[in-house]
Amino acid sequence: MSAFNRIPLSTLESATLPIEEASGLPNPLYNDPEMLAEERDRVLGKTWSGVGFAGDLPQPGYVKPISFMGLPLVIMRDTADVIRVFHNVCSHRGMILINDEGPITGSIRCPYHSWTYDLTGELKGTPHIGGVGVHKLDGFACEKHGMKEIRSAVWFDVVFINLDGQADAFAQFIAPVVARWQPYLGDTGYGRMRREAGNGGQMTLDVACNWKLAVENYCESYHLPWIHPNLNRISRIQDHYHIMFANEFAGQGTMVYNLAETAGTRLPVFPEWNEERMKEGEYITVFPNVLLGIQADHTFAIVLEPVTNGRTLEHLRLMYVGDTAIEPQYQGCRDTTLASWKEVFGEDVGVVEGMQQGRVSPGFNGGSFSPVLDNPTHYFHSWTAKRLLASATA
Ligand code: FES
Ligand SMILES: [Fe+2]
């Protein structure tokens with residue numbers, strides 16, 4: 001019996017009830033090591049999931065091998081600057097093709113029998129396939145044996161994939177977020193986001209918790225007074241509001257974000273950001289695993305990488321507004337911005353890890369929700385449960 005089939009469906013149905021009656025997702029979804037592959041194939045793989053950042057591939061010809069919930073994949077930027085994602089496996093005997101991140105000059109060469117591929121994944125060379133010195137074989141069509149591509153899209157610098165290829169078009173999927181953020185980012189905001197050169201403006205947290213706990217914690221502001229005492233002095237729990245829309249997105253917003261200021265210098269802001277809303281910030285999860293934040297003077301994206309059921313890498317990338325914002329005169333402001341997020345996200349580690357430890361307890365199997373302060377968390381649980389239930393009857 002598969003890990004998924006061991007879960008009583010009634011425990012998933014409970015998560016879809018109205019918040020007052022609902023209980024959270026059951027423990028096996030957090031503490032059963034076999035559930036990760038089930039979630040990949042039943043939940044994350046059926047929609048658009050984040051796997052990396054376009055800005056991490058800094059030049060044409062750059063490749064980056066990654067692991068997506070146990071699957072070896074590779075992100076590649078071709079010579080025309082197009083980002084694609086492939087299964088990182090040779091079409092010949094299944095060898096892992098690319099082991100190291102970096103620029104490739106010429107073609108991709110399999111380390112086993114030296115079959116070669118170009119940066120669009122096409123098979124180009126099959127040395128000695130027809131015997132020593134015979135590099136072509138009648139009846140063997142190279143075009144049928146290229147690298148296997150996965151449907152992908154780049155938005156907000158995040159590389160998204162749809163593993164099963166059946167989800168709605170990405171533009172349609174993300175349209176509600178674009179519409180919601182029109183008063184902030186306008187039409188030009190996405191094209192203005194800039195990352196610092198090199199390794200600036202980024203961090204990765206290695207957290208001993210299931211990926212869903214990172215989402216749940218990101219979506220709610222209930223914990224603010226106790227876990228983020230410094231932040232709570234400026235941006236209090238009552239300054240926050242919930243965000244839940246289009247069945248795929250949930251999070252929170254604040255009315256009192258403080259623009260970064262260092263020694264009288266302020267970062268450039270988005271030109272279309274509504275003047276009366278300068279101090280607003282919004283933080284939403286694009287279900288399942290991409291956490292976004294927008295403020296007038298910077299944005300960020302976090303891709304949650306589920307490594308095991310109990311371990312998640314949280315990859316954060318900050319982005320600033322326009323070319324001048326990443327110049328040296330704003331270094332102080334950018335350092336302040338990164339430092340403040342490091343503090344906030346660092347403060348969250350203890351609670352998500354604590355919840356993971358709690359998930360082995362027979363005294364807990366999903367818990368209950370505040371009908372006033374836990375709505376986004378419940379929204380995410382309900383979304384996940386519905387997806388799993390749909391996969392059970394499919
Ligand atoms: S497995 Fe790649 S060339 Fe043989
Ligand atoms: Fe937090």
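**Exercise 1. In which sense do strand E7 and E8 pair, and over how many bridges?**

Before the solution, a word on the model. It is predicted, so to speak: local features need pLDDT of at least 70 and side-chain atom pairs count only at pLDDT 80 or more, while totals for chains, interfaces and linings use all residues. Residues are numbered from 1 along each chain as its sequence is written, and chains are lettered from A and ligands numbered from 1 in the order in which they are written.*Solution.* Start with E7, residues 116-117: its pairing with E8 is antiparallel, over two bridges. (Strands are DSSP runs of E with at least two residues, helices runs of H or I with at least four, both numbered from the N terminus; strands pair if DSSP finds at least two bridges between them.) Next, find Tyr-117, whose bridge partner in E8 is Leu-123. Then widen the view: the open sheet has three strands in the order E6-E7-E8, with antiparallel pairing. Strands E6 (108-109) and E8 (123-125) each have a single partner strand, so one side of each lacks a neighbour in the sheet.

**Exercise 2. Describe how helix H7 meets helix H11.**

*Solution.* First take the axes of H7 (residues 211-219) and H11 (residues 375-393): they come within 8 Å and cross at roughly 145°. (Axes are lines fitted to C-alpha atoms over the stretch in contact, with angles from 0 to 180 degrees between N-to-C directions.) Now list the residues: Lys-212, Val-215, Glu-216 and Cys-219 of H7 meet Pro-376, Thr-377, Phe-380 and Thr-384 of H11. (Contact requires C-beta atoms, placed from the backbone, within 7 Å.)

**Exercise 3. Which residue ranges make up domain 1 and domain 2?**

*Solution.* Domain 1 covers 4-38 + 176-393, and domain 2 covers 50-154; these bounds come from an automatic or database domain assignment. Eight residues from domain 1 and seven residues from domain 2 form the contact.

Technical notes. Two residues are in contact if their C-beta atoms, placed from the backbone, lie within 7 Å.
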